[in-house]
Amino acid sequence: MLRHGEISTEADKGPFLFTLAVLCGSVILAVIILVFSGTNAVNITIRAFLGLMALASGSVLFAMLTDYACVQDGILTMSYLFRKNRIAVRDIGSISFKDDVYTVYDRKKGKVGTINALATGIDRVIGELNRNHVNFV
């Protein structure tokens with residue numbers, strides 16, 4: 001789902017479709033209850049919970065779509081929510097792995113960004129970095 005290049009991670013299809021279905025279902029049910037029912041306490045409570053589900057599933061969907069890493073034209077791009085970090089592959093000092101997260105450091109040992117190790121397609125990204133002789137620690 002939504003690849004950002006030839007060598008990139010992407011959101012898993014199953015969780016993406018489930019989250020999208022929850023978002024659409026909660027919005028549709030909230031509108032139906034708003035249009036066809038009264039304003040008693042039970043209906044207001046149901047609409048509030050459906051609104052909370054829509055907000056939660058919308059934020060999870062947004063996080064799923066913005067969490068990616070890609071290697072394109074010799075540049076590693078790491079994105080999560082509103083943060084996008086880029087570094088040339090030749091400028092990567094090392095990459096460490098801990099708790100299902102790859103942490104990318106530059107040659108001065110400064111932290112550049114992180115990559116989700118459980119993302120779909122991470123094997124292609126790590127393989128490309130390995131082909132470019134990046135140091136994994």
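Thr-103 has Thr-114 as its bridge partner in β7. The model is predicted. Strand β6, residues 101–106, and strand β7, residues 111–116, run antiparallel and are joined by five bridges.

**Hairpin of β6 and β7**
- Four residues lie between the two strands of this hairpin.
- Lys-109 takes a positive phi there, near 65°.

**Open sheet**
- The sheet is open and has four strands, in the order β1-β2-β3-β4. Its pairing is antiparallel.
- β1 (7–8) and β4 (83–88) are the edge strands. Each has a single partner strand, so one side of each lacks a neighbour in the sheet.
- Strand β3, residues 75–80, runs antiparallel to β4, and six bridges join the two.
- Met-78 has its bridge partner in β4, namely Asn-85.
- As a general point, strands of a sheet pair through backbone hydrogen bonds.

**Helices α1 and α2**
- Helix α1 spans residues 13–36 and helix α2 spans residues 41–66. Their axes come within 8 Å and cross at roughly 150°.
- Angles over 145 degrees count as roughly antiparallel, so α1 is roughly antiparallel to α2.
- The crossing of α1 past α2 is left-handed.
- From α1, the contact residues include Phe-16, Leu-20, Leu-23, Val-27, Ala-30 and Leu-34. From α2, they include Ile-46, Arg-47, Leu-50, Ala-54, Gly-58 and Leu-61.
- By class, this contact of α1 with α2 has 18 nonpolar, five polar and one charged residues.

**Ala-30**
- Ala-30 sits in helix α1 and is one of the residues that make the contact with α2.
- Its relative accessible area is 17%. Buried means under 20%, so Ala-30 is buried.
- Neighbours within four places in sequence aside, Ala-30 is in contact with Arg-47 and Leu-50. Both Arg-47 and Leu-50 belong to the α2 side of the helix contact.
- Ala-30 and Ala-54 are 24 residues apart in sequence. Their C-alpha atoms are 9.3 Å apart in space.

**His-133**
- His-133 lies in the segment after α3 (122–131).
- Exposed means over 50% relative accessible area. His-133 has 72% relative accessibility, so His-133 counts as exposed.
- Ser-94 and His-133 are 39 residues apart along the chain, with their C-alpha atoms separated by 9.9 Å.

Terms used:
Residues numbered from 1 in each chain as written. Predicted model: local features only at pLDDT ≥ 70, side-chain atom pairs only at ≥ 80, totals over all residues. Heavy atoms only, no water. Pairing = 2+ DSSP bridges. Buried < 20%, exposed > 50% of the residue type's maximum accessible area, 1.4 Å probe, protein only. Axes fitted to C-alpha atoms, helices over the stretch in contact; angles between N-to-C directions. Parallel < 35°, antiparallel > 145°, perpendicular 65-115°, else oblique. Left-handed = near helix turned anticlockwise from the far one by under 90°. Contact = heavy atoms within 4.5 Å. Nonpolar A, V, L, I, M, F, W, Y, C, P; charged D, E, K, R; others polar.
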